[in-house]
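Take a look at the protein shown here. We will walk through its fold step by step.

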Amino acid sequence: MDERVIHTVWIPPHHRDLTAGAEHVEASGATIRAVIADLDARFPGLAARLTADDRLRPGITVAVDGVVAPAGLRHRLAAPSELHFIPALAGG
């Protein structure tokens with residue numbers, strides 16, 4: 001039996017060119033890092049936009065079920081979750 005945990009991942013608008021315009025997609029993984037790897041396998045280039053030097057890129061935050069994940073890529077996902085990659089907002 002396949003025991004992968006499937007998550008709903010919301011894609012920021014400026015990354016949707018890689019997902020053919022999809023606002024959200026499904027991905028599997030036990031950590032944020034594994035979810036990004038799964039996404040990148042299907043949407044090449046997405047990992048490069050979200051990560052750098054094995055960390056979330058500066059200006060990118062990830063929220064899991066509405067709560068910012070302080071452990072970043074190491075954050076564990078034991079149950080199906082909703083993930084949002086949130087870019088920093090600029091302006092003033």
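This is a predicted model: local features need pLDDT of at least 70, side-chain atom pairs count only at pLDDT 80 or more; totals for chains, interfaces and linings use all residues.

Residues are numbered from 1 along each chain as its sequence is written, and side-chain values use heavy atoms, with hydrogens and water left out.

Start with the parts list. The protein has 2 helices and 7 strands. Here helices (H or I, at least four residues) and strands (E, at least two) are DSSP runs, numbered from the N terminus. Read from the N terminus, the order is β-β-α-α-β-β-β-β-β. The radius of gyration, taken over C-alpha atoms, is 13 Å, close to the 12 Å that the globule rule (2.2 Å times the number of residues to the power 0.38) gives for 92 residues, so the protein is as compact as a globular protein of that length. Its C-alpha trace spans about 50 × 30 × 25 Å along the principal axes.

Now find the sheet. Strands of a sheet pair through backbone hydrogen bonds, either parallel or antiparallel. Two strands count as paired if DSSP finds at least two bridges between them. An open sheet of 5 strands has the order β2-β1-β7-β5-β6, with mixed pairing. The edges belong to β2 (24–28) and β6 (67–68); each has a single partner strand, so one side of each is left without a neighbour in the sheet. Helix α1 (residues 32–42) packs on this sheet, touching β1 (6–10), β2, β5 and β7 (82–87). Touching means contact, with heavy atoms within 4.5 Å.

Follow the pairs next. β1 and β7 run parallel, joined by 3 bridges. Trp 10 has His 84 in β7 as its bridge partner. β5 and β7 run antiparallel, with 5 bridges between them. His 84 in β7 is also the bridge partner of Ala 63. β5 and β6 are antiparallel too, joined by 2 bridges. There, Val 64 stands opposite Val 67 in β6.

Which residues lie nearest the centre of the largest pocket? They are Leu 56, Pro 70, Ala 71, Gly 72 and Leu 73, out of 14 lining residues. A pocket is an open set of points on a 1 Å grid over the protein atoms alone, where a 1.4 Å probe fits, with protein on both sides within 12 Å along at least five of seven lines; lining residues have an atom within 4 Å of a point. β5 gives the most to this lining, with 3 residues.

Note on methods:
Axes are lines fitted to C-alpha atoms, for helices over the stretch in contact, and angles run from 0 to 180 degrees between N-to-C directions.
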